[in-house]
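Thanks for coming, everyone. Let me put the structure up, and then we will walk through it piece by piece.

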Amino acid sequence: MDDLFGSCPLSQQQLVEEYFIEHRTKILDIAAFLDRFDRARVRDAEHDPRVAAFRQALAALVEVAGPRRVHEVQMLLSDPRTDVLDELDRKSALGAYGTR
Amino acid sequence: MEYVDHHAHMTSRTTDDYEHMALTGCRVVTEPAFWAGYDRGSSQAFAAYFEALTDFEPRRAARYGIRHYAWLSLNPKEADDRALAAEVLPLIPDYLDRPNVLGIGEIGLNRVTRNEVATFEDQVDLALRHDHLPIMIHTPHLEDKLKGTRVILSSLGSERRVRAERVLIDHAEEHTLAAIKDQGYWAGLTLYPQTKMSPQRAVDAIEIFGAERILVASACDWGPSVPSAVAHVIREMRRRGHSEDLIRRVVWDNPCDFLGQSPRFETPVQARGPATV
């Protein structure tokens with residue numbers, strides 16, 4: 001592996017043969033989630049920061065060149081600050097920065 | 001292939017899970033103290049928990065040929081409660097001589113509050129005062145992970161007594177892994193169906209960042225999780241054509257090297273013969 005550090009041992013064609021179907025399923029699940037969101041009877045989360053971050057992440061999949069898509073999506077979803085909270089506001093993270 | 005799962009909350013799992021892990025090649029689990037899904041809230045409850053981790057669980061695991069080790073701490077989810085920390089932390093030294101206790105963990109941050117940082121630093125100090133016991137660190141979930149990892153690295157970096165090679169920073173992901181490894185710490189990739197790494201992304205990370213000082217674990221607990229997740233990493237590495245030597249390094253040699261820094265840890269003799277996965 002050391003000679004090919006950073007690369008995947010499989011060829012692109014092998015990756016397509018091995019992984020296409022499972023990722024086809026995943027992209028259809030995302031499309032269905034967004035359609036379900038649009039079909040919701042009550043439209044009360046159009047401006048939820050998680051939805052905004054989700055849409056930004058989808059755009060990054062297309063716009064980011066080279067193998068940095070996961071890193072870019074992680075950064076889009078993350079709190080970029082380093083200051084600590086003075087008091088505990090809630091017990092759990094919610095999935096995307098900006099959610100209050 | 002036999003493997004070590006360095007992070008498994010077996011207290012939350014059934015005995016059937018031990019059996020399933022054994023059938024997929026697990027020989028060793030190490031179980032860090034963690035949040036029960038609700039606040040234990042009292043020192044008495046923590047004492048009972050530490051008893052379970054150091055007495056009941058090793059016996060339950062042994063019935064399936066699995067060696068069980070433990071890490072003790074006040075978990076990050078309750079670490080904001082400084083009054084509780086003042087009650088629980090003094091209990092821990094009484095358990096450090098138990099034969100299956102490796103070190104202090106999992107300590108760390110949750111929402112990254114001032115109190116959480118103070119309790120984290122108290123527990124790092126506890127490990128350092130006991131011959132620098134190995135330390136297992138939890139990094140926060142989801143959007144808090146980047147921030148929490150940065151604060152943890154800053155705190156550790158300001159403590160001159162800390163030896164990076166004796167510290168595992170767990171739940172690393174693509175955006176935190178480089179900083180953890182660059183500063184000489186061990187990095188753990190935990191395999192969680194929804195909120196952490198998938199086996200495929202973990203193998204991607206090994207390909208991109210190299211296998212040095214990387215461990216993989218199921219982190220199975222009371223939430224959606226897969227006790228045999230390490231076996232899925234083994235399968236994924238084989239699926240991509242990685243060598244058996246590299247796979248063994250990730251799931252056996254690396255954890256044994258890190259955990260072996262504790263004099264309590266006994267490296268099992270690996271079985272010969274065909275792989276189990």
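**Inside chain B**

Start with B:V216. Setting aside its neighbours within four places in sequence, B:V216 is in contact with B:V4, B:H6, B:L189, B:L191, B:I206, B:V230, B:V233, B:V250 and B:V251. Keep in mind that this is a predicted model.

Now zoom out to the core. The largest nonpolar core has 74 residues. B:V216 is among those with the most contacts inside that core, along with B:F50, B:I137, B:L156, B:Y185, B:L189 and B:V251. There is also a second, separate core, of 14 residues. That one includes B:V4, B:L168, B:L259 and B:F265. As background, nonpolar side chains in soluble globular proteins tend to be buried together.

Next, an arginine. Where is B:R60? B:R60 sits in helix α2 of chain B, residues 43–62. Is B:R60 buried or exposed? Buried, because its relative accessibility is 11%, and the cut-off for buried is under 20%. Who is around B:R60? Leaving out neighbours within four places in sequence, B:R60 is in contact with B:M10, B:T11, B:R13, B:T14, B:T15 and B:Y18. Take B:T15 from that list. The side chains of B:R60 and B:T15 are joined by a polar contact of 3.0 Å.

**Where chain B meets chain A**

Let's move to the interface. On the chain B side, 35 residues are in contact with 37 residues of chain A. About 3100 Å² is buried between the two chains. Carbon and sulfur atoms give 53% of that area. Three residues deserve a look: B:R111, B:E143 and B:K147. They supply 25% of the area that chain B buries against chain A, more than any other three residues.

How many salt bridges are there between chain B and chain A? The count is 7. B:E143 forms a salt bridge with A:R90, and the closest N and O atoms are 3.7 Å apart.

Which helices of chain B take part? α7(B) gives the most, with 6 residues. Now sort that side of chain B by class. It has 18 charged, 10 nonpolar and 7 polar residues.

That's the tour. Over to you for questions.

Methods:
Residues numbered from 1 in each chain as written. Chains lettered and ligands numbered in written order. Predicted model: local features only at pLDDT ≥ 70, side-chain atom pairs only at ≥ 80, totals over all residues. Heavy atoms only, no water. Core = buried A, V, L, I, M, F, W, Y, C linked by side-chain atoms within 4.5 Å. Buried < 20%, exposed > 50% of the residue type's maximum accessible area, 1.4 Å probe, protein only. Contact = heavy atoms within 4.5 Å. Buried area = accessible area lost by both parts, 1.4 Å probe. Salt bridge = Lys/Arg side-chain N within 4 Å of Asp/Glu carboxyl O. Helix = DSSP H or I, 4+ residues; strand = E, 2+ residues; numbered from the N terminus. Nonpolar A, V, L, I, M, F, W, Y, C, P; charged D, E, K, R; others polar. Polar contact = N/O pair within 3.5 Å; in protein donor to acceptor, adjacent residues only side chain to side chain.
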